[in-house]
Amino acid sequence: MDSEATRLSRLVGLLTLLQTKRNVTATELAVRFSVSTRTIYRDIRTLESAGIPIVTQEGKGYAMLEGYRLPPVMFTREEAIALLTAEKLASRLTDTATGKLSGAAMDKVRAALRYSDRDHLETVEPYIHVMEPPSASGRPDTYQQLISAVTSQRVVHIRYQAAESGEATMRDIEPIGLYLSEHWHVVAFCRLRQAFRNFRLDRISYLSLSGESFPPRPETLQQYWADEAKRRDQEKVVIHFNPSKVSPAQVQHLHDTKHKYGWTHEQTLTDGSLEILFLVGSLAYLSTWLLPFAGAVKIIEPASLLGHLSSLAKQAHDSFYTG
């Protein structure tokens, strides 16, 4: 049985959702608030009897009457701290324009807080830090412009520096989405290559939005990743890793970063070492990660990986050997 406080909290939550979503079904609301659909029906009737103009759309769910707005709901202290964290992430991990926008939005949040909660937020703020990644230095304001291009379906002109050759080329791209994975990336149809490509934002030295629009594309980021996984010939790699041969910090680094290099499975062997399985698209790429663990790693398969590691080791020896 609902307590009055629980029900009141849920009614406020319902009002908030109805104002932020165009349509929402009773099933979605029931899942969101962990109650039955019957309870949601009763809550909707309660709001309607209180004069809230809720429209029931056949087959679509509920919506607030267009143009109707309630005064903003007060933020809880925990919600305000979550938004403060988001502001700090945006200021460090996107671009200058987005950082300024998130700061302006956070000022509006502060204005809506009680004085006691505002004071608490000021007390907490110095204790939350987001360290800016090295790649963020000197970054152009590309994030906001690309978001605008995705939503408005605008063609974008970029100057892009290839990772392998370092060559910079001018491209016209049709972006479909952005994602963050150590670096920000935009996935777009590249008119130069006539195919979808993955561009790192820190390699874009120039960007401008054109006045040209492109037709809506059915492709999504999820579809792009699935297609890429199918396209790449993944090779099986098995290594034995002996944690006792390296420092604890190196062991921790291996476990912190292994997922970026195709890690799929590992098991502990009788001698205490780990047998680790990777599925990779590039042995050369994996070898650059494995080399610092020399002495603790034994290559089980494929034998060709040894060639990549030997070549890197020789380069390191030739560069630093002073004898």
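UniProt, in an unreviewed entry, marks residues 7–62 as "domain: HTH deoR-type". Keep in mind that what you're looking at is a predicted model.

**His308**
- You'll find His308 in helix 11, which covers residues 304–320.
- His308 has a relative accessibility of 31%, so it counts as partly exposed, between the 20% and 50% cut-offs.
- Leaving aside residues up to four places away in sequence, His308 touches Leu283, Ala284 and Ser287.
- Phe214 is another story: 94 residues separate Phe214 from His308 in sequence, and their C-alpha atoms are 43 Å apart in space.

**How helix 10 and helix 11 pack**
- Helix 10 spans residues 283–290 and packs against helix 11 at an angle of about 55°.
- The axes of helix 10 and helix 11 are 9 Å apart.
- The crossing of helix 10 past helix 11 is right-handed.

**Who meets whom**
- On the helix 10 side, the contact involves Leu283, Ala284, Leu286, Ser287, Thr288 and Leu290.
- On the helix 11 side, they meet Ser304, Leu305, His308, Leu309 and Leu312.
- Sorted by type, the residues of this contact are 7 nonpolar and 4 polar, with no charged ones.

Notes. Residues numbered from 1 in each chain as written. Predicted model: local features only at pLDDT ≥ 70, side-chain atom pairs only at ≥ 80, totals over all residues. Heavy atoms only, no water. Helix = DSSP H or I, 4+ residues; strand = E, 2+ residues; numbered from the N terminus. Buried < 20%, exposed > 50% of the residue type's maximum accessible area, 1.4 Å probe, protein only. Contact = heavy atoms within 4.5 Å. Axes fitted to C-alpha atoms, helices over the stretch in contact; angles between N-to-C directions. Left-handed = near helix turned anticlockwise from the far one by under 90°. Nonpolar A, V, L, I, M, F, W, Y, C, P; charged D, E, K, R; others polar. UniProt positions renumbered as here; feature names shortened; annotations may be inferred.
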